[in-house]
Amino acid sequence: MKSFGRLILYFFIGLILFVILDAMLGGTGFVVLGGICLAIYLIPTIVAFARKVPSSLAIAVLNIFLGWSIIGFIVALVWSLKKYDYVPPALRNKEE
């Protein structure tokens with residue numbers, strides 16, 4: 001959960017900095033729209049890190065490089081929503 005929290009924190013800090021920069025340069029809010037579009041684009045990555053999917057880094061790479069195509073976005077989203085029966089390494093070898 002720490003990495004997801006950091007991702008969200010850094011995203012909003014970056015968005016605030018872009019808004020301040022946009023206001024200083026007399027922009028029209030294009031940066032805010034870009035930040036919202038970026039958040040929508042990265043939905044599969046955000047979901048994967050939030051759910052602690054074992055292959056979340058691979059999902060992020062797929063989403064970043066092939067998410068522009070609809071197929072790449074859908075594959076990354078389905079992959080991030082896949083149900084995993086994950087057992088932490090500390091509990092794998094314990095005898096009952």
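This is a predicted model: local features need pLDDT of at least 70, side-chain atom pairs count only at pLDDT 80 or more; totals for chains, interfaces and linings use all residues.
Colleague: Which residues is serine 55 in contact with, leaving aside its neighbours within four places in sequence?
Modeller: A contact here needs heavy atoms within 4.5 Å. With the neighbours within four places in sequence left aside, the residues in contact with serine 55 are Trp79 and Tyr84.

Colleague: What is the length of the polar contact that joins the side chains of serine 55 and tryptophan 79?
Modeller: In sequence these two residues stand 24 residues apart, and their C-alpha atoms are 9.0 Å apart in space. A polar contact requires a pair of N or O atoms within 3.5 Å, and the one joining the side chains of serine 55 and tryptophan 79 has a length of 3.3 Å.

Colleague: Which helices do the buried residues of H5 pack against?
Modeller: Helix H5 covers residues 70–81, and its buried residues are Gly72, Ala76 and Ser80. Because they cover an arc of only 65° around the axis, they lie on the same side of H5, while Ile70, Ile71, Val78 and Leu81 are exposed on the other side. The buried residues of H5 pack against helix H3 (43–50) and helix H4 (56–66).

Colleague: Which exposed residues does H4 carry on the face turned away from its buried side?
Modeller: The buried residues of H4 are Ser56, Ile59, Ala60, Leu62 and Asn63. Seen down the axis they fall within an arc of 165°, so they line one face of the helix. The face turned away from that buried side carries the exposed residues Leu57 and Phe65.

Methods: Residues are numbered from 1 along each chain as its sequence is written. Side-chain values use heavy atoms; hydrogens and water are left out. Helices (H or I, at least four residues) and strands (E, at least two) are DSSP runs, numbered from the N terminus. The expected span of a helix is 1.5 Å times one less than its number of residues. Buried means under 20% relative accessible area, exposed over 50%, partly exposed in between (1.4 Å probe, protein chains only). The arc is that of the directions from the helix axis to the C-beta atoms. A polar contact is a pair of N or O atoms within 3.5 Å; within protein, one must be able to donate a hydrogen and the other to accept it, and residues adjacent in sequence count only if both atoms are side-chain atoms.
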